[in-house]
Amino acid sequence: MNGNVETVSGDPTTTSRLFEPWRLGRIELANRVVMAPMTRNRADDDGVLPESAVTYYEQRAGAGLIVSEATQPSSAGQGYPGTPGIHDDRQESQWAKVADAVHAKGGKIFCQLMHTGRMSHESFMPPGGKVVAPSPIRADIEVETIDRVMVPAPVPTELDQDGIDAIIRDFADASERAVRAGMDGVEIHGANGYLPHQFLSPGTNQRTDGYGGSPEARARFVVELLRAVCDRIGGDRVGLRISPGGQFNDMSDKGNDETYVALIDQIDELGLAYLHTLRRRSTPLHETLRERWSTTYMLNTGFHGTSERADLEPLLDSGQADLVSVGRLFISNPDLLDRWRHGIERDTWDESTFYTGGDRGYIDYPATQH
């Protein structure tokens, strides 16, 4: 790691909306900067986080809110080696340690729940389990096996009603576990080509039943999932992440604005804690969603934007967002908010350690002294 930091120009006393508190559902955030969910592949083969994960999240508790790495709500929801789960007692116990550590530092944390859908491999499935999706459409991409070998993605099995109902129950059960572990809430991962996104996109959802064929029907799975989770833990403990127009993981979601409008119109009444949108391109849709959404609206500029203070402040100043989420800068700068406050140069991340396991590139980035 590059531990050398230098003071750069900037007045630490300058007022900024980034550092203002914000009411999010039933909790108060110390500032408006959110640590975005980032996969780190440090869990063991049973989906249990290591002890170092407690340190990792504790170090970054200066964010107004931490959204955890993607976490599978069931063993069948996993699609990558080293990702954690929250569907058994050992997993829940380790997440409880994380929540306690973050809270002890004055932070708040939501657990992101992700089912990978067709972006998985049979090697991750429990006995008799299959890779599933809204429709049997193979992703034109390679996926990783449990043994970390890259192979062509399989043709998924189309979910029937029993399968849909079971997955929704899994999400509700995992949400209940997250809150029981002390997490402040959950974020449903409806972006980046994973199962909820697969239902939302006409490129991956070619169903002709009640879950496909129209914008409202494509949104139905996500609507039902969110209702079940809200019924279990309360809407003000639930966030949703979406990526309209996103093409990651072989998605073809352009020109699908009507589905997202239909989704927002159906879930706004649930009183979710927030809507978390990846702004990969500047489109009128983001303005439309912002106007139609009645609770907290969070923006992430994604890979096609930057996440420095000067880039994010205009999003809050102009009212485009209430909160902004930042990813990779939090990896190499556990004290990012302090660095921004005091005009201190940011440390650079080592991308080669993002997904390698172990403590290097995970908990060894230094905090600056000021």
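**Ground rules.** I'm working with a predicted model, where local features need pLDDT of at least 70, side-chain atom pairs count only at pLDDT 80 or more, and totals for chains, interfaces and linings use all residues. Residues are numbered from 1 along each chain as its sequence is written, and side-chain values use heavy atoms, leaving out hydrogens and water.

**Whole chain.** I found ten helices and 14 strands in the protein chain. Both are DSSP runs numbered from the N terminus: helices are H or I with at least four residues, strands are E with at least two. The C-alpha trace spans about 60 × 45 × 35 Å along its principal axes.

**Barrel.** Next I traced the strands. Eight of them form a closed barrel in the order S3-S4-S5-S10-S11-S12-S13-S14, and the pairing is parallel. The twist from one strand to the next averages 25 degrees. (Axes are lines fitted to C-alpha atoms, for helices over the stretch in contact, and angles run from 0 to 180 degrees between N-to-C directions.) I zoomed in on S11 (residues 238–242) and S12 (residues 274–278), which pair in the parallel sense over four bridges; DSSP must find at least two bridges for two strands to pair. Arg241 sits opposite His276 in S12.

**Helices on the sheet.** H7 (residues 284–292) packs on the sheet and touches S11, S12 and S13 (296–300), its direction making about 160 degrees with that of S13. Contact here means heavy atoms within 4.5 Å. H8 (residues 309–317) lies across S13 and S14 (323–326), at about 155 degrees to S14.

Which residues of H6 and H7 make their contact? I first noted that H6 (residues 257–267) packs with H7 at about 10 degrees, with axes 10 Å apart. That makes H6 roughly parallel to H7, since angles under 35 degrees count as roughly parallel. H6 brings Asp257, Tyr260, Val261, Ile264 and Asp265, and H7 brings Leu285, Thr288, Leu289 and Arg292. I sorted the contact into five nonpolar, one polar and three charged residues. (Ala, Val, Leu, Ile, Met, Phe, Trp, Tyr, Cys and Pro count as nonpolar, Asp, Glu, Lys and Arg as charged, and the others, Gly among them, as polar.)

H5 (residues 215–233) packs with H6 at about 40 degrees, their axes 8 Å apart. Among the residues that meet are Val222 and Leu226 in H5 and Ala262 and Leu263 in H6. This H5 and H6 contact divides into eight nonpolar, two polar and four charged residues.

**H1 and H2.** Last, I looked at H1 (residues 51–59) and H2 (residues 89–104), whose axes come within 8 Å and cross at roughly 30 degrees. That makes H1 roughly parallel to H2. Residues in this contact include Tyr57 of H1 and Trp95 of H2. By class, I noted seven nonpolar, one polar and three charged residues between H1 and H2.

Methods: Angles under 35 degrees count as roughly parallel, over 145 as roughly antiparallel, 65 to 115 as roughly perpendicular and the rest as oblique.
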